[in-house]
Amino acid sequence: MIPNMIVFGLLLGRWWKTALVIGAVGWATILFTTGVVTVAGIPGAALFGLVNTGLGVAIHQGILRLVRHLRGRRGWSPGP
């Protein structure tokens with residue numbers, strides 16, 4: 001399931017604040033409702049959701065900055 005949270009961060013990385021909140025709360029909610037963690041484990045589950053979603057968001061933001069940098073250079077075009 002960890003790769004799913006990274007992909008979630010990759011897809012919603014443009015809206016990074018929303019993605020991080022939904023990733024943390026959503027992951028903890030999923031684990032709690034399926035019985036994987038108890039109430040005491042919710043903060044830890046939320047932290048793991050936040051970190052994994054954050055990794056996806058960071059990758060998304062890095063790619064976005066790279067593309068913007070390349071577009072700003074003279075003579076570069078995205079293709080035919």
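These legends describe views of one predicted model.

View 1. From the N terminus on, the elements run α-α-α. The radius of gyration is 16 Å, well over the 12 Å that the globule rule gives for 80 residues, so the chain is more spread out than a compact globule. Along the principal axes, the C-alpha atoms fill a box of roughly 55 × 20 × 15 Å.

View 2. Of the 80 residues, 22% are buried. The chain exposes about 5800 Å². Carbon and sulfur atoms supply 71% of that area. Take the contacts between residues at least 6 apart in sequence: 65% of them join residues at least 24 apart.

**View 3. A nonpolar patch lies on the surface.** Its members are Val7, Leu10, Leu11, Leu55, Ile59, Ile63 and Val67. Together they have about 570 Å² of accessible area. Two helices, α1 (2–11) and α3 (42–72), each supply at least two residues of the patch. Which helix gives the most? Helix α3 does, with four residues.

**View 4. Leu55 sits in helix α3.** This leucine is one of the residues of the nonpolar patch. How does Leu55 count in terms of accessibility? Its relative accessibility is 42%, so Leu55 counts as partly exposed. That class lies between buried, under 20%, and exposed, over 50%.

Note on methods: Residues numbered from 1 in each chain as written. Predicted model: local features only at pLDDT ≥ 70, side-chain atom pairs only at ≥ 80, totals over all residues. Heavy atoms only, no water. Rg over C-alpha atoms; globule rule 2.2 N^0.38 Å. Buried < 20%, exposed > 50% of the residue type's maximum accessible area, 1.4 Å probe, protein only. Contact = heavy atoms within 4.5 Å. Areas by Shrake-Rupley, 256 points an atom, 1.4 Å probe, with all protein chains shown as cover. Patch = residues over 30% accessible without salt bridge, like charges linked within 9 Å, V, L, I, M, F, W, Y side chains within 5 Å. Salt bridge = Lys/Arg side-chain N within 4 Å of Asp/Glu carboxyl O.
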